[in-house]
Amino acid sequence: MIIKFFANLREITKDHEITLKLENVKVKDALLVLEKKYGRDFRDVVFDPEGELYVRILINGRNIEYLEGLDTQVTGDDTVSLFPPVAGGSHAEL
Amino acid sequence: MGAKILYDELKSGTDPLSPENILVFAIGPLTGTRTPSSGRHVVVSKSPLTGGIAFTSSGGTWGAELKRAGYDAIVVKGKAKKPLYLWIEDDEVGFRDAKEHWGKMISQSDEGIKSETDDEAKVLQIGIAGERMSRIAAIINEKYRAAGRCGLGAVMGAKNLKAIAVKGSRNPEAADSIGLTRAASRAMKMISESGVTKEDGGLNSFGTAVLTNIINASGIYPTRNFQTGTFSGAEKISGEAMAKTILKEKTACYECPMECGRWVKVEKGKYAGTEGESLEYETSWAFGGECGVNNLEALARANFLCNEYGLDTISTGSSIGFTMELLERGILSKEKVGIDLRFGNDDAMIQMIEKIAKREGFGDVLADGTKAASKKIGKGSEYYAMQVKGLELPAYDPRGAVGLGLNFATANRGACHVSGYTIAAEILGAPLKADPFDSGESKVDLTILFQNFTAAVDSGVNCLFLTFAVGASEYAEMISSLVGWEGYDADEFLRTGERIFAIERLFNKREGFGRKDDTLPQRFLKEPMPEGAPKGRVHPLAEMLDIYYRKRGYTEEGHPGKEKLNELGVMD
């Protein structure tokens, strides 16, 4: 599967895009592989201090929030895009 | 205030380019104060592009300067016999001859007017496009900032009003100074904590073009005149790419901690020498994905030229992309257009911008936007004019963000993203979260909420980017401490927005607008998106529109009902 990193995430990964040889795993498993590769800093950006997902994760352009969240299955043909809160992470309420 | 003046005073059926049209330059209670991002101003008039109500706003410091000079609005009526400009220095107000500045590029006339008035004056003006009454002409302030949409530059041109230069020396007062300090500090804290607005956050690090990659990844980055929603060249023209190449420094409007502006400079190549504040997301898209161009330096040049000639970048890029598709489909010929304006040809795109501004050759056809151009061209070209009510669409394909699509259809000035920016919830997840494909009642509620909230923020007059971090209660607190209104809270703030939206609707109703105009280009209703996450989807407008009218308290024709008007305290 192809993993793409955007905006400030690239400061940690130094990569824009990598290919992971993973088949039929859950998003959370793929994140563990990435944490192992990029270290603690990566985890600290992906999750907030309460352990909630802080970045937006798209699978083939669809936000996992509207799929099965971190339990969403990813196959080898999928593209996973990770965005820091380029426009998000707000505490405000309309 | 602007909408109310227009609604109360402008006779229906008035030609927008006649002396009878009214042009309002207004600021709000927040402008020029200690509240964050408070340098904006708004221009309101009857649009020569849409024939309906138009409001268009711009950042920088001009609005703050007008407040410091002691004014809340300038209302312009009639027409001067010869080109003039207005010079305001506190209580001294007068017209001056603009002969020397007419026909000049924006940067030249900005310097020229300052040399005749004051080096520290803030100059708002039209360029050659406005002078020639292009219906997609912008009103530029401080050389690089644009009240771009709806062609109000042409209204200034029609009035022979070249510019308004302002210098003020007063400090705005607040009804409750301590309360204002408290409210502004609270807002500032929220800005400093949001991943979007904080220092080194998304907007600060990459400018608004930080959106390019996420919108493209979501499959709604309009490509080659909205033929698809995925652009292979997006990365090359993204905010990330800009930060590594042509970005020289970040810039900010008055009292703004976000610094989302970009100062860019092209050092070499055919566009060398291009320098200035440049390339907001919408602009980089209008000449990028829309025209199939992936050369960042060409986009900077296109932006530079639009600023210098005083053109709206979105409508200009869209008019060029529209022509590119007509050429591709054989509806237009290269001979007719005069240059090889195919998708991806950045040289031809740059040439056409100059032709539009000067109304030369085929540029004269495009200078009034895609709706007017398609009427002249005929041959089914109307289908490819990506506009609503005459206003060209900005950088989001509504097939993959249906709440924004409903907003495009119903926004009073036409296809406007900033009338109800549901992308914040549908794609970015802030401050609310909403499935971009959901078209149910809750999505309609979301669009209405964003429209009301935005109308109030715009009337306040403040920067919408703040709304990623700051909500209605914070705005209500800042406004009530400035104005001295007791009990003005978040609900009242949203009600203010609902009232403004209804007054704009009443204005448009009087001009003949109704349900038939609350629509989208047929492409979005008939052609399924060919690829990406929204693959196979069209926009479900018909099913959403009835719900929208019902929830708004409007009639089936889309006009505010009597009961709703009574509730809002608005007289029809």
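The chat below goes through chain A and then parts of chain B in a predicted model.

Student: What should I know about the model and its numbering?
Tutor: It is a predicted model, in which local features need pLDDT of at least 70 and side-chain atom pairs count only at pLDDT 80 or more, while totals for chains, interfaces and linings use all residues. Residues are numbered from 1 along each chain as its sequence is written, and chains are lettered from A and ligands numbered from 1 in the order in which they are written.

Student: What is the mean pLDDT of chain A?
Tutor: The mean pLDDT (the predictor's confidence in each residue, from 0 to 100) of chain A is 89, and 90% of its residues reach 70 or more. Over residues 87-92 of chain A, however, the pLDDT is below 50, although this stretch has 31 contacts in the model beyond near neighbours in sequence; two residues are in contact if their C-beta atoms, placed from the backbone, lie within 7 Å. Where pLDDT is low, the predicted coordinates should not be read in detail.

Student: And how many helices and strands does chain A have?
Tutor: Chain A has three helices and seven strands, where helices (H or I, at least four residues) and strands (E, at least two) are DSSP runs numbered from the N terminus. Along the sequence they follow the pattern β-α-β-β-α-α-β-β-β-β.

Student: What share of chain A is buried?
Tutor: Of its 94 residues, 36% count as buried, meaning that 20 or more other C-beta atoms, placed from the backbone, lie within 10 Å of the residue's own.

Student: Switching to chain B, what is the strand order in the open sheet of four strands?
Tutor: The order is 3-2-1-4, with antiparallel pairing; two strands pair if DSSP finds at least two bridges between them. The edge strands, each pairing on one side only, are strand 3 (53-58) and strand 4 (73-76) of chain B.

Student: How many bridges join strand 1 to strand 4 there?
Tutor: Four bridges join strand 1 (residues 23-26) of chain B to strand 4 of chain B, and in strand 4 the bridge partner of Val24(B) is Val75(B).

Student: How do helix 11 and helix 14 of chain B cross?
Tutor: The axes of helix 11 (residues 296-309) and helix 14 (residues 346-358) of chain B come within 10 Å and cross at roughly 5°, the axes being lines fitted to C-alpha atoms over the stretch in contact, with angles from 0 to 180 degrees between N-to-C directions. These two helices of chain B are therefore roughly parallel to each other, a label for angles under 35 degrees.

Terms used: Buried ≥ 20, exposed ≤ 12 C-beta atoms within 10 Å, placed from the backbone. Parallel < 35°, antiparallel > 145°, perpendicular 65-115°, else oblique.
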